[in-house]
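Trainee: Could you give me a close look at one part of this model? I'd like the cut-offs along the way, please.

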Amino acid sequence: MREQILAVQRMQDYIETHLAGPVTPADLAREAGFSPWYARRLFLQWTGRTPADYIRRLRLSRSALQLRDGNRRVLDVAMELGFGSVDGYQRAFAREFGCNPGEYAAAPVPLPLFVPYGVKFQHLERSDSMETIKNVFVQIIEKPERKVILKRGVRAADYFSYCEEVGCDVWGLLTSIRSLDGEPVCLWLPDPYRAPGTSEYVQGVEVSPDYDGVIPDGFDVITLPPARYLMFRGEPFAEEDYCSAIEELWAAERKYDPSVIGYVWDRSNPRIQLEPIGTRGYIELLPVRPAR
């Protein structure tokens, strides 16, 4: 089983690095080390999608982000991401997202983007061999007043229980919304921000206080005041060691005494978790206020 998972991961990695060009069954078979027929079968088994569908959805989602964030022509985006014609791209975009790419570029709305997850991080046993993080960097940052568009769970207290309750596709929709800091967030909400019968842990996206765009069905909006945070950031880690990276940072947080810099923990504002990305290190933001 491990050999199969790693073969599929190699195919996923190849797709990621060659997304703008042609990706053939022979290319994927070579990366997997199996025949084209068996490589396709493995890919479908472990990702739930055929390679063609996976590539199509990933290209369309990346194209949506380009249209959202830049003054880009539909034709240029279509060609750069490997679509054979602008007409074909427009039809595929409309089938996937229910709107025309030109209309979307002019007035972006939340879309259910495809966010791929590496199969080796989902199905292989998590490594316990990570060395103790040698450094945790701590920095004071200021958060302005902002709104958070969020999806609540029921009893979730962490990422895994949240995904079981809500599903993992929420992240793709949140990614499609232009955020203040360029990415969605996970939050542990204090009681005043929790609706009755809903979870402490939520996923959301921070937007400006005057945001008046579309709110997806089933999502709520809360307003958070300006707040000061201590940003804890661990060292870069191997992606498969993300659980260890999180646990190590949590241990550092528990040991940290904010009074040494004149602060106490602020329990009235949410704790914030960013997506674990190995190349930058694991990051959390813990709210603080002056000790006096």
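Mentor: Let's start with the second largest pocket, which has a volume of about 370 Å³. This is a predicted model, so local features need pLDDT of at least 70 and side-chain atom pairs pLDDT 80 or more, while totals for chains, interfaces and linings use all residues. Residues are numbered from 1 along each chain as its sequence is written, and side-chain values use heavy atoms, with hydrogens and water left out.

A pocket here is an open set of points on a 1 Å grid over the protein atoms alone where a 1.4 Å probe fits, with protein on both sides within 12 Å along at least five of seven lines; lining residues have an atom within 4 Å of a point. Points join across faces, edges and corners, and the volume is what probe spheres set on them fill.

Around this pocket sit 18 lining residues, and Arg49, Phe114, Val115, Tyr117 and Asp169 lie nearest its centre. By class, the lining has 10 nonpolar, 5 polar and 3 charged residues (Ala, Val, Leu, Ile, Met, Phe, Trp, Tyr, Cys and Pro are nonpolar, Asp, Glu, Lys and Arg charged, the others, Gly among them, polar).

Val115 and Tyr117 turn up again at the largest pocket: along with Pro116, Glu275 and Pro276, they are the closest to its centre among 49 lining residues. That pocket holds about 1500 Å³ of space, and its lining splits into 28 nonpolar, 10 polar and 11 charged residues. α4 gives the largest share, 7 residues; others supplying at least two include α1 (2-17), β4 (201-207) and α11 (242-255).

Now for how these helices pack. α4 and α6 have axes 10 Å apart at about 95° (axes are lines fitted to C-alpha atoms over the stretch in contact, with angles from 0 to 180 degrees between N-to-C directions). So α4 is roughly perpendicular to α6, a label for 65 to 115 degrees. On the α4 side, the contact (heavy atoms within 4.5 Å) includes Arg57, Leu60 and Leu67, and on the α6 side Tyr89, Phe93 and Glu96. It counts 7 nonpolar, 2 polar and 3 charged residues.

Glutamate 96 and arginine 57 also form a salt bridge, at 2.6 Å from N to O (Lys or Arg side-chain nitrogen within 4 Å of an Asp or Glu carboxyl oxygen). Glutamate 96 is in α6 (residues 86-97) and arginine 57 in α4, so the pair ties together parts 39 residues apart in sequence. By that rule there are 18 salt bridges.

Finally, the axes of α1 and α3 come within 9 Å and cross at roughly 95°. Their contact includes Ile5, Val8 and Met11 of α1 and Leu42, Phe43 and Trp46 of α3; it has 9 nonpolar, 4 polar and no charged residues.

Terms used. Helices (H or I, at least four residues) and strands (E, at least two) are DSSP runs, numbered from the N terminus. Angles under 35 degrees count as roughly parallel, over 145 as roughly antiparallel, 65 to 115 as roughly perpendicular and the rest as oblique.
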